[in-house]
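Please read it beside the sequence and the model.

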Amino acid sequence: MVLNRVCARPIRQGLAVGAHPWVLGPTRGCWVQLGVPSAGSPSPSTPRGLPGSSAEPRGWVLRCRGAAAALGAAVPAAAPPPAGRRQDRGAAAAPLGGPLGVHRGVRLLCPVLTPASVPRCEVRPGPEFLTRSYLFYANRLFKAYQFYYWDPSCREPSYSLVIKGKLRLRQASWITRGATEADYHLHKVGIVFHSQKAMREVASWINQTSSEGCSGFLPPGRTWAPGALYELLSAKSERDCTAALGFAMHELSLVRVEKHYQPLLEPQQSGSQLVEELYLGDIHTDWLERLHYRPTGYQRPMQSAVHHVHPCPACGIIYRADEHHPPILPARAEPPMQLSGSWVSTHCEVRPAVLFLTRYFIFHGNNHTWEGYYYHYSDPLCKQPTFTIYASGHYTQGVPSSKVRGGTELAFKVTQARVTPMDQLTVMMLNSSEPGSCGLTNSWSAGVEQDITPTNGCLALGIKLPHTEYELFKTEHDTRDRSLLYVGERPTDGSSPDRPDKRPTSYQAPLIQCAGAPEEFSNYVSLKYLGEEDANGSEALKPLPVAFLLFIALQFLRWD
């Protein structure tokens, strides 16, 4: 986690972003991520005792004004982005004030642009193992570190990237509700190798796959020089040698900030502390599509320097890191794979192609059978249910993954499934499906469950029965010794991992074991039911037009 000195200088007032007026409010603080102060408090409290830094970023707050900034408001689509490394997104969204609610009224808080980092070893499709630390300045410039490793514990560094550029927030996204879309422009990307092996491997990638201007990036016999920084991309010289690494910063084009309160852990303390998290755009699961993909989902969140989860043993390590001194995370014991029991989502999950859901799994280890509940919604707060799927079947004995160290490979067979439509749009869609393709013809009604096993699934929802999926699982303990289950990431294109070669190489957001998480399970159960709010709709998103939702449903709905 990156910590930075307090920003003491006031921020200038008034800024026009896109077609709507935005106002910059003065703020000070020490951050490692985008954050949202509480409603009515534009200035987060100044932290004390934090280490200084030669960099002096100033935090700033954007406030969205007027009804046009309301979540879910449709805005015109942008023109296609120009070629090159500049990526322009035409629509953007005001992030939510928390995972289960939004700020009251039309005036919504947008993110505070400041530094950000992820206090754990990440696994990206490929697989790639990395940690990230991002620093955002008040003048819209940013400096990002990406540290890559040979191992899934992030203890054996391979190379580090230092990325400099400029970021500008735009308007409310009509594609991914609750998100803010942004434009970014890369100025420079540099690379530092941490071994001769890493330099030789990366140089061979670039020399073989890049354009003519990069063919001589590093001569084959070049000796590794510790600490040497090599330029991969320069906007001035119009040189770009990053494609061979599968590098892109499209994650910056989709932003969301959430906040929640974590109970104080000390026995003698009562109350709770604020936690702020930054969600950036997801990475495409297909390596060949990564450079062109525009995110519609999120990665695992980054943490705020001031308002982060506790305890956080990796935060100080990442804070002190730079491109010459990559973070070496503490060694952690890998618990054996034990699936037996119940596992639930800890928050509303967002998937690519406009999918919002929560999950609840039950594994019976004695006979290797499983049950799964998938609760789908039309909003990023998971308060407007659309349909629920119950599925069951059996799974194989797991074997260690040869491709993703630390993972376990399993095969799951789905033999039975039931669907419960929860709104009239879904009822209308299911009743208009082809006869014999999804339950009894024209028999669907809201809130009534129906078995789709006799029709071999439901074509309208992308469910086929019987069905086998090749999965990647991993279990670990968090810093509070709670059991977490990581399930393989779904293909970004909405397909199913129904062949061994489509087995995931990265993970979704973790599930937590119910026995060790009564609070999380209670929150999860409350998500299963329709959350009717007050007449003013102060805690709910405004529904999108039925025609638009129908279009989304017909085009993108996939069962995960």
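Buried is used here for a residue with under 20% relative accessible area, exposed for one with over 50%, and partly exposed for what falls in between (1.4 Å probe, protein chains only). The model is predicted, so local features need pLDDT of at least 70 and side-chain atom pairs count only at pLDDT 80 or more, while totals for chains, interfaces and linings use all residues. Residues are numbered from 1 along each chain as its sequence is written, and side-chain values use heavy atoms, with hydrogens and water left out.

1. Disulfides in total. A search of the whole structure finds four disulfides, the term being applied to a pair of cysteine sulfur atoms within 2.5 Å.

2. Cys-348 and Cys-382. These two cysteines are joined by a disulfide with an S to S distance of 2.0 Å. The torsion about the S-S bond is about 70°, so the disulfide is right-handed. The link connects distant parts of the chain, 34 residues apart: Cys-348 belongs to the loop between strand S16 (341–345) and strand S17 (349–351), and Cys-382 to the loop between strand S19 (369–377) and strand S20 (385–395). Helices (H or I, at least four residues) and strands (E, at least two) are DSSP runs, numbered from the N terminus. Cys-348 counts as buried because its relative accessibility is 5%, and Cys-382 does so at 1%.

3. Cys-121 and Cys-154. Here the sulfur atoms of the disulfide are 1.9 Å apart. With a torsion of about 70° about the S-S bond, the disulfide is right-handed. The pair links distant parts of the chain, 33 residues apart, with Cys-121 in the loop between strand S5 (116–117) and S6, and Cys-154 in the loop between strand S8 (141–149) and strand S9 (157–172). Cys-121 and Cys-154 are both buried.

4. Cys-438 and Cys-458. What is the handedness of the disulfide between Cys-438 and Cys-458? The torsion about its S-S bond is about -85°, so this disulfide is left-handed. The S to S distance is 2.0 Å. Distant parts of the chain, 20 residues apart, are linked by this pair: Cys-438 is in the loop between helix H3 (424–431) and strand S23 (450–451), whereas Cys-458 is in strand S24 (residues 457–458). Both cysteines are buried.

5. Salt bridges in total. The structure holds 16 salt bridges. A salt bridge is counted when a side-chain nitrogen of Lys or Arg is within 4 Å of a carboxyl oxygen of Asp or Glu.

6. Arg-132 and Glu-122. Arg-132 forms a salt bridge with Glu-122, and the closest N and O atoms are 2.8 Å apart. Arg-132 lies in strand S7 (residues 128–136) and Glu-122 in strand S6 (residues 122–124), so the pair ties together parts that are 10 residues apart in sequence. Arg-132 is buried at 0% relative accessibility, and Glu-122 is buried at 4%.

7. Arg-503 and Glu-409. The side chains of Arg-503 and Glu-409 form a salt bridge with an N to O distance of 3.7 Å. Arg-503 is in the loop between strand S27 (483–487) and strand S28 (511–513), and Glu-409 is in strand S22 (residues 408–421), so parts that are 94 residues apart in sequence are tied together. Arg-503 is buried, with a relative accessible area of 18%, and Glu-409 is buried at 18% relative accessibility.

8. A salt bridge joins the side chains of Arg-482 and Asp-478, 2.7 Å from N to O. Arg-482 is buried at 18% relative accessibility, and Asp-478 is buried with a relative accessible area of 16%. Elsewhere, salt bridges that share partners join Glu-122, Arg-124, Arg-132 and Glu-251 into one network.

9. Helix H1. This helix (residues 196–209) has 14 residues and reaches 20 Å from its first C-alpha to its last, close to the 20 Å expected at 1.5 Å a residue; the expected span is 1.5 Å times one less than the number of residues. Its buried residues are Ala-198, Met-199, Val-202, Ala-203 and Ile-206. They cover an arc of only 120° around the axis, which puts them on the same side of H1; the arc is that of the directions from the helix axis to the C-beta atoms. An α-helix has 3.6 residues a turn, so residues three or four places apart point the same way. On the other side of H1, Gln-208 and Thr-209 are exposed. The cover over the buried residues of H1 includes S9, strand S10 (180–193) and strand S11 (229–234), contact being heavy atoms within 4.5 Å.
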